[in-house]
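Thanks for coming, everyone. Let me put the structure up, and then we'll walk through it from the inside out.

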Amino acid sequence: MAKRVLCYTRKPVDEFYYDPRLAYSMHLAVEENGRFEPLNHNSGVLFVKATENEDGSLNPKSIRNPYLFAMKDGGFGVLAVRTDGDGGEDEESAGKAVFFTSGDLLEYTEVGLIDLSEQSICRVACEYSPEQDCYSIYWSQDENEWYVAQTATLDVAGKIQSSAMAAPFAFPEIQTDIEGAVCSNAVSVSDQVAVRLAHKLTPPEHVSTKVPGEVKVNTAEQLKWITATAVYSDGTEAVKRVDWDMNGVDWGNPGTYEIAGKLHQDHYSFPVAEDRADPCVAYWNGKYYFIATNDADQNHTLFIREADTIPELVHAPEHLILDSDTYEHVGNLLWAPEFHEIEGKLYLFLALTPNEFFCEESHVMALREGGNPSCREDWSEPRRVVRKDGGDLCEAGKTITLDMTCFFWEGVYYAVWSQRQFLPKDLGAWLYIAKLDPQEPWKLLSDPVLLSKPEYGWANNHTFVDEGPFALPQENRLILTFSSAAVDTSYVVGLFTIEKGKDLLVRENWKKGNYPIMTSRSVEGEFGTGHNAYVVDEYGDIWNTYHARPGIHGERSSGIRRVHFDVDGLPVLDLVEERDVVEALSHVHTKVVVG
């Protein structure tokens, strides 16, 4: 059974909510009961890459009037007019259309530019004819006079010969009430493709609960570990603890008892910490620790919270562990602290500067053997991260480094960080990766390798920034999320993956998502979501800590939410509590066999 998928862009709203570098991207909607339902929170799923200059700087780009079509091989193609970042004419692609391919409308390959005309074009379309075994490409300079060319292959190398059409190309009129939609066209897709799009680009929802019909236990402690399984609308599942009512069970009297319970769910109202950005939670020696950038005092202090559980961190007292007065080289901008355990020792990665912003650099502090993370005297003086030869990672005053993270993968420790050259020219913030010395984790073991530039419109929105990386290792794949754009409402979370067995220091081995997985449209009332970190609790649940603004002009504040995994095993960061556990499905029953 076939369904239609609508391809569209959006009208920009304003610089706070939805500006041109977001609006001028391809959006998708799936037709349900004669109505198109927007996917991905009505946000773009296909962005065009920036072009690079000789000095490494970027020229941001966007697209207008994308046209989606079925290709000969059974996949999909997209042709679009490339613009400059804010939707104006792009001199680099005058007379050309940018061409993408996709197998599933979720991952896209930007093939390149197809040369069509000597003059700029404003619209483009393409159709494949099985009878003629060729593609017909249509384009117009002014939407009145149209041209067509037929070609057996979509060639990005040479110019396609064309002839004037006798009649204008007719775009079908599409009616939709999607907010801001500027419709292009709709194509028929298989039910399988449509369902997969909905599963990937719509937050799942709890639809049923599975629980064992009978369990054999001998103690109340054993019963605490009897779990239920929540089933979600996309077919995924999640194990849930159950708060069992044991009042009717006589543990000293063998027999069978009917008991009830409710799915356990910790509740976190946003924000869990006001004026705290770049949050990180660690589990260390049976305790949980919370730390974050302190925006309340303009980043001059770092405080730690300690508790027995993650929920208790919300109201736990704060302990000062670092300020801008204790050390001569620590004078300002204590940013993005992260806990990392390396070979059984606890370290704190952070960025700081003696005074000027342009001297902000990555540093590492070590917790002394047997020390208490909440005691400032148990932490070493911050040491600046250096290259493998002991030299500075970069020249302070010209290039800054920050947001350094650390992870262990296939027997090796790695560091990933954000680095920004300001002089002689601001190149924007780029992500780098290198091996890390576990004995001296302030020292690299390999030369830095460029991992990412803010090449997409969602990453160079208001400023050119890739930062805030954090790793989420899985059994056969390493996931790395990162944050991009300015730290205002445009802040978003992007995604990298790399398969087990591949060299992390080869940039081409990484797969970068074309669209962000968390934005200001992901969760109502949370703007500029980003700079997230992960912690695994004692039950095996993974939690995402992040910051966002409670309102367009609100202060950066910390939030926490359970990480779900979608049909492909990739993180879902916008599964809100009311969708994670539906109240009506949270009550369960089972039989307990004692003895």
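Let's start with the lining of the largest cavity: 5 nonpolar residues, 2 polar and 8 charged. Keep in mind that this is a predicted model. That cavity holds about 170 Å³ of space. Its lining counts 15 residues, and nearest the centre lie Lys240, Gln265, Trp543, Arg562 and Asp580. Which elements give two or more residues to that lining? They are β18 (237-240), β39 (557-562) and α5 (577-580). The most comes from β39, with 3 residues.

The search of the whole structure found 3 cavities of 30 Å³ or more. So much for number one; on to the next.

The second largest cavity has a volume of about 90 Å³. Here 13 residues form the lining, with Val272, Phe290, Leu313, Val314 and Ile560 nearest the centre. What is the class make-up of this lining? It has 9 nonpolar residues, 3 polar and 1 charged. At least two residues each come from β21, α4 (310-313) and β39.

Now the open space. The second largest pocket takes up about 580 Å³. There are 22 lining residues, and the closest to the pocket centre are Phe339, His340, Glu341, Phe470 and Tyr534. Two or more lining residues come from each of β21 (276-284), β25, β29 (399-409), β33 (466-473) and β37 (527-536). The largest share is that of β21, at 5 residues. By class, this lining has 19 nonpolar residues, 2 polar and 1 charged.

Strand β25 takes us to a sheet. This one is open, with 4 strands in the order β25-β26-β27-β28 and antiparallel pairing. Why does one side of β25 and of β28 have no neighbour in the sheet? Because β25 (332-342) and β28 (383-384) stand at the edges, each with a single partner strand. For β28, look at its pairing with β27 (residues 361-366): the two run antiparallel and are joined by 2 bridges. Val364 has Arg383 in β28 as its bridge partner.

Move along the chain from there. Leu393 sits in the loop between β28 and β29. Is Leu393 buried or exposed? Its relative accessible area is 2%, so it is buried, the cut-off being under 20%. Leaving aside residues up to four places away in sequence, Leu393 touches Val385, Val386, Arg387, Thr401, Met404, Trp417, Gln419, Leu444 and Pro448. Take Leu444 from that list. Leu393 and Leu444 are 51 residues apart in sequence, yet 8.9 Å apart in space, C-alpha to C-alpha.

Thr519 lies between β36 (511-512) and β37. It has a relative accessibility of 5%, so Thr519 counts as buried too. Beyond residues up to four places away in sequence, Thr519 touches Ser43, Val492, Glu526 and Thr529.

Next, a hairpin. Strands β6 and β7 form it, with 5 residues between them, and Gly74 in the turn has a positive phi of about 95°. The pairing of β6 with β7 (residues 76-84) is antiparallel, over 8 bridges. Within it, Arg64 stands opposite Val81 in β7. How many of the residues of β6 are buried? In β6 (residues 61-70), 8 of 10 are, so the strand is mostly covered.

In soluble globular proteins, nonpolar side chains tend to be buried together. In this model, the largest nonpolar core has 50 residues, and Leu28, Leu197 and Phe407 touch the most other members. Helix α2 (residues 191-201) gives the most to this core, with 4 residues. Apart from this core lies another, of 34 residues, including Trp284, Ile304, Tyr546 and Leu573.

Back to Phe407 for a moment. What does Phe407 touch, not counting residues up to four places away in sequence? Val412, Tyr413, Tyr414, Val416, Ile433, Ala471, Leu478, Leu480 and Leu504.

That's my tour. I'll take questions now.

Note on methods: Residues are numbered from 1 along each chain as its sequence is written. This is a predicted model: local features need pLDDT of at least 70, side-chain atom pairs count only at pLDDT 80 or more; totals for chains, interfaces and linings use all residues. Side-chain values use heavy atoms; hydrogens and water are left out. A nonpolar core is a set of buried Ala, Val, Leu, Ile, Met, Phe, Trp, Tyr and Cys residues joined through side-chain atoms within 4.5 Å. Buried means under 20% relative accessible area, exposed over 50%, partly exposed in between (1.4 Å probe, protein chains only). Contact means heavy atoms within 4.5 Å. Two strands pair if DSSP finds at least two bridges between them. On a 1 Å grid over the protein atoms alone, a cavity is a set of points where a 1.4 Å probe fits but cannot get out, and a pocket is an open set with protein on both sides within 12 Å along at least five of seven lines; lining residues have an atom within 4 Å of a point. Grid points are joined across faces, edges and corners, and a volume is the space filled by probe spheres set on the points. Ala, Val, Leu, Ile, Met, Phe, Trp, Tyr, Cys and Pro count as nonpolar, Asp, Glu, Lys and Arg as charged, and the others, Gly among them, as polar.
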